[in-house]
Structure formats: C-alpha cells, structure tokens
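Let's walk through this one with a few quick questions. Have a look at the chain first.

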Amino acid sequence: MSPALIALAVAAFAIGTTEFVMIGLVPDVARDLTVTIPQAGLLVTGYALAVTVGAPTVTALTGRLPRRGLAVGLMGLFTLGNLLSGAAPTYEVLLAGRIVTGVAHGVFFAVGAPIAMSLADRERGARAVATMFAGLTLAMVIGVPFGTIVGQSLGWRAPLLAVAVLGCLATALLRLLLPREIPHAPPVGLESQFAVLAKPRLLALYFVAMTGFGGSFVVFTFLAPLLTEVTHVSPAAVSLALMAFGAAAVVGNFLGGRLSDALGTRRSLVAALVGLVLALATLRFSAPHVLTMFANLLLWSACCFCLGPIVQSGVVAAAEEVAPDAVATASGFNIAAFNLGIATFSAIGGLLVAGPGILTTPWGGAAAGCAALVASLFVRSRQPGACRFPAKGPVLQSDQHLPKGLSYEDLCRAHPWRFRSS
C-alpha cells in the first residue's frame, strides 16, 4: 500500500471523527453553553450544510492550486477549525468553528479522491479511493465511540481538541508522504466547472449518493432510540451495536472498492443497493428481536458503505470523460450530495419519528434506497476502449502510432492523467 494513501486515510479518520462525534455530545454542549437541544443540533446540521456548500464552490475556486499544497493546507484549516471549536467561549464561535471545519472537510475529500486514484494503477483506482475512505469508516468504529466516551467524561471540548492534535499529525504526514508533483487537468472558468451539473451521467451518480447513502440516515440518526425503545437493549448494548455497525462499514467500504474495480460502476451499484433496500425493508420486522436486529445492522451497514468508493470512483471516471477540466469540482459536488442527503434525510427521519412513529423510519430509508436503485440504472459504467487526450486530442484506436512494444492500454495505465479509456 502506498504510504501516501495511508496519509490520506489518517486525514479521513480525523475528519470522520469530528463530523460524527458531535452527535453524542449534543446534550453536553446544550447544558454547557445554555442553548436548546435543537440549537445544539444545528452543530451537526450546520456542519453537513457547510460541506454541501463548501465542497463544490471552494473546490472550483482552488482548482489551479497544486494538489499537494492544497491538501496540506486544507488539513491545516481543518485543524484550526477544531481548535476554534474546542476553545469556543460561546455557541456562536463554536458554530463558526464547525462551519470552517466542514468546508475544509468537503474540499479535502473532493481533492483527495482524484489524488488517491492517481496513486494507483488504473485497474485499482476504486480500491485506492476505498483505502482513503477506510479512514472515514474506521472513525465510526474507533474515533466516534471513543470520542463520545472522552467527551462525556472530560467534557465536550476534549474530543475536539484531540482531533486537532490528530489533524496536526495528518498535516505532517501529507506534507511528508504525498508526491511533490500530483498531476491534474488545469481547470477552466467557474461557469464551465459548474456546468458539470448539466451532465446526466454525473447527475445520476449524485442522486444515488444523496438518496442511497443519505437515505440511510432516516434510520441511522435515530438508531439509539430504536434500539432502546423497540429492541429493548441497554445503553451499553447500543454502544456495542454502533461499534458493530462501524466494523461492518469498514468491510463494506473495501468490498465496494473491489466490486467497482471488478464489475464496473453500474453493476456494483445495483448489487449494493439491492442489499441495502432489503436490509432496510426487513428492519421493521427484525427490530423487536435482538439477534435478528444485530444481523440486519451488519448487512445494512456493509451495503450502505459499499456505496462510497463505488460512487466516488465512478464520479471521477465519468468526469474524466465528460468534464475533464472539472474533475475536482465534479468530485466536490459528489461530497456535497452525500452531505445534502445526510442533512435532508435526517430531517425526514425526525418528521417520521414525530408523526407516525420510529418504526416507520426503515420504510423511509427503504424508499430512498429504491429511488437510488432506479437512478443507478441510468449510470453508465466506464468501458475499456481507446485512449485519448483529456481535452480535444485525437483518439488512439490502435497501437500503430505508438513506439514498438508499447500498447495504448499500457499508456493508459502509465499515464492516467494524460490518457483515458473511453
């Protein structure tokens, strides 16, 4: 495994921890800063919205910056945001720190996915993205539960400051291990970059990210009360369930990368989404029984977190073909779609809990998964074929114009930033 990929994974671990650890600290923040629970909840929603807005816009504005320096700078900004949050004297300062951190989060993943793919052979591009995303899923297994325990014991500021220290480590690793020259297509104007939203292939993938992954948060946001009120387990068992969910997410993340490399984007999406819909649809019936509920959680998590590397690598591959001058921006919109889904479907879950009841949340998640499954049928997998220049260069249909002993497939593998399979 490339040391640079490890550095990206460490950064993703820090990012994943700071995003989700606040969920377990909302009551503590509300008490300490004398705000209401809904106001404290905005620290989670506001973070997701900052990622949603910041990822595509700031990615587009920073398109001409060197990738290595940008990645290092973003982790530095992420670290400063956590320091600001951890030392915040008021709620307003804390919210501002969360917004700064969320923007850095969104742009880092938008830039990091193409960097990860550039570090691997073309056939292993999705697995490289999965390695980076493994840091995010490991955060759910280790970082979030441990951070919640630390926050409840030492105060809500402690885990945020601990993540700031981890951010310093990630910044140093990125500066040390990332290649000095990371190739990327020079961007065009902002108008042309935002034109990726008019590309049907990319829109289909964004919709899958929002409804497939984000739809799970109809249930996941309220998983703790579902387990205590319906499955009737203890609070300690809830922590165990969350750890099991995170462990299955790690497995699903790596499985998604392998599926995408082996089957292509569309078929791997269909497989993951069918499993996700089945898991969510049966959750309503398995919830009253501990063993079936835990088994269902494992299937649900694995299928849900399969989607991350599949969609992300699919977006990068599609953008290389339909918007080669805006690959990072296209990736940024995908990160925005994931977080828009989290914010939107968490709110829908709240409406379901307040209305027909918590047992209707699995139906909401399954419905969102069905919508994603339909959209996945319109996703076109990258097909092996001719190599071409990224902008308007000629298509190389055969080996006749290449040096003896070198095929155009070899050229694609050796120089994925200059030549692409179409």
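Q: What share of the contacts with a separation of 6 or more is between residues 24 or more positions apart?
A: Keep in mind that this is a predicted model. The chain's secondary structure comes to 17 helices and 3 strands. Of the contacts in the chain with a separation of 6 or more, the share from residues 24 or more positions apart is 82%.

Q: How much of the chain's accessible surface belongs to carbon and sulfur atoms?
A: The chain has 422 residues, and 56% of them are buried. Its accessible surface is about 16,900 Å². The part of that surface belonging to carbon and sulfur atoms is 70%.

Q: Is Leu161 buried or partly exposed?
A: Leu161 sits in helix H7, which covers residues 157-177. Together with Leu80 and Leu83, Leu161 makes up a nonpolar surface patch with about 260 Å² of accessible area. Buried would need under 20% relative accessible area and exposed over 50%. Leu161 has 35% relative accessibility, so it counts as partly exposed.

Q: Which residue has its backbone oxygen 2.5 Å from a polar atom of the Ser301 side chain?
A: Start with where Ser301 is: helix H14, residues 290-322. Its relative accessible area is 0%, so Ser301 is buried. Setting aside neighbours within four places in sequence, Ser301 is in contact with Phe245, Ala248 and Ala249. The backbone oxygen lying 2.5 Å from a polar atom of the Ser301 side chain belongs to Phe245.

How values were computed:
Residues are numbered from 1 along each chain as its sequence is written. This is a predicted model: local features need pLDDT of at least 70, side-chain atom pairs count only at pLDDT 80 or more; totals for chains, interfaces and linings use all residues. Side-chain values use heavy atoms; hydrogens and water are left out. Helices (H or I, at least four residues) and strands (E, at least two) are DSSP runs, numbered from the N terminus. Buried means under 20% relative accessible area, exposed over 50%, partly exposed in between (1.4 Å probe, protein chains only). Contact means heavy atoms within 4.5 Å. Accessible areas come from the Shrake-Rupley method with a 1.4 Å probe; for residues, only the protein chains shown count as cover. Patches are made of residues with over 30% relative accessible area and no salt bridge: like charges are joined within 9 Å, nonpolar side chains (Val, Leu, Ile, Met, Phe, Trp, Tyr) within 5 Å. A salt bridge is a side-chain nitrogen of Lys or Arg within 4 Å of a carboxyl oxygen of Asp or Glu. A polar contact is a pair of N or O atoms within 3.5 Å; within protein, one must be able to donate a hydrogen and the other to accept it, and residues adjacent in sequence count only if both atoms are side-chain atoms.
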